Amino acid sequence: MLAVFLAALSGVSVILMMVLVGFIANEHQWFSPVSPKIISRLVTQVALPAYMISTITKQFSANELHVLLPDLRYPVISMVILFALSLAIARALAIRQSHLGLFSSMFFNSNTVFIGLPINLALFGTPSIPYVLVYYMANTTFFWTLGVWLIQKDGTGMAKINFRQALGKLFSPPLLGFIVAVILVVLHIHLPKFIMQTCGYLGGLTIPLSMIFIGIAISNAGLSRIRFTRDAWGILLGRFLIAPALMALLVLPSSMPALMKQVFIIQAAMPVMTNAPVVSKLYHADSEYAAVMVTETTVLSIIVIPILMVLVKTVIR
């Protein structure tokens, strides 16, 4: 058990060091206000798609990829239950009306790309990538439909689900890169060596740029603004206890591969999505509240993930 804990701590420590680089550099004003947006685009529109093509085509067979999609139902079921629980917990904690939508959205959605993917790669390696992407499909769909609708209600009092926007976010460059890679594998198409090498180099930017982005986000949010309020405890309870516990209850009896179970549980315990403050600001909801929760859950995930990893490795073999 100690070896598992140390391995998990080592993987998370690597992530932490890269986050610190972004944090310290931003504290020394190396980055401008537009830098996070540029880094985000580089990761999601260049590095991640290239990473998908580079790794999926090398690491996986058509048969391995064929069995993935049916298990999409587990994260979907989990998020539906978490949404219902968020409403009940919000009422129990007497969350104020102006925060109800944000509270629920942050309760059941997790950061599956900027933190989830690098952490799973650090803990499980490249075999975890398809499983991360399956969870990502469910999580992204829920955030850009139900999650955004809830945030809109906080900000404007009126809201509607924009399915066109949701589809655009779902079929984002990372997922399109994954789809292209799957097609290449299924059709046994081999890209020229120079293209694969280029994808490999660009894909190598994914983890460090993602972690630098998180460091900048934490610096901009300001550690001094962290407050363990009633709202905060509710989100922390949802993200780090209820979500992984619920996912464990769903997947443990299933016949899916052990690694997939581990990835789903870890993904369920990721911090609040970094898009939450951006969407909140767009719809005039409390973006500062969202930014503080992103900061708190991101910082605390450094403590929670190694502990959760030990439990997951102990129970699932």
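**A salt bridge, a helix pair and a cavity**

Hi everyone, let's start with a pair of side chains: aspartate 286 and arginine 96 meet in a salt bridge, at 3.9 Å from N to O. Aspartate 286 sits in the loop between α14 (275-282) and α15, while arginine 96 sits in the loop between α4 (73-92) and α5 (100-108), so this pair ties together parts that are 190 residues apart in sequence. Searching the whole structure turns up one salt bridge, and please keep in mind that we are looking at a predicted model.

Now to the helices. As a reminder, two packed helices are described by the angle between their axes and the distance between the axes. Take helix α12, residues 230-251, and helix α15, residues 287-315: their axes come within 10 Å and cross at roughly 40°. The crossing of α12 past α15 is right-handed.

Which residues in α12 and α15 meet? On the α12 side we have Asp231, Ala232, Ile235, Leu236, Arg239, Phe240 and Pro244. Facing them from α15 are Tyr289, Met293, Glu296, Thr297, Leu300, Ser301, Val304 and Leu308. By class, this contact of α12 with α15 has ten nonpolar, two polar and three charged residues.

Last stop, the inside of the protein. How many cavities of 30 Å³ or more are there? The count comes to one, and the largest cavity has a volume of about 50 Å³. If you want to find it on screen, the lining is Leu48, Met52, Thr112, Val113, Leu117, Val132, Leu133, Tyr136 and Pro174. Helices α2 (35-59) and α7 (129-156) each give at least two residues to that lining, and α7 has the largest share, with three. Eight of the lining residues are nonpolar, one is polar and none is charged.

Methods
Residues are numbered from 1 along each chain as its sequence is written. This is a predicted model: local features need pLDDT of at least 70, side-chain atom pairs count only at pLDDT 80 or more; totals for chains, interfaces and linings use all residues. Side-chain values use heavy atoms; hydrogens and water are left out. Axes are lines fitted to C-alpha atoms, for helices over the stretch in contact, and angles run from 0 to 180 degrees between N-to-C directions. Helices (H or I, at least four residues) and strands (E, at least two) are DSSP runs, numbered from the N terminus. A crossing is left-handed if the near helix is turned anticlockwise from the far one by less than a right angle, and right-handed if clockwise. Contact means heavy atoms within 4.5 Å. Ala, Val, Leu, Ile, Met, Phe, Trp, Tyr, Cys and Pro count as nonpolar, Asp, Glu, Lys and Arg as charged, and the others, Gly among them, as polar. On a 1 Å grid over the protein atoms alone, a cavity is a set of points where a 1.4 Å probe fits but cannot get out, and a pocket is an open set with protein on both sides within 12 Å along at least five of seven lines; lining residues have an atom within 4 Å of a point. Grid points are joined across faces, edges and corners, and a volume is the space filled by probe spheres set on the points. A salt bridge is a side-chain nitrogen of Lys or Arg within 4 Å of a carboxyl oxygen of Asp or Glu.
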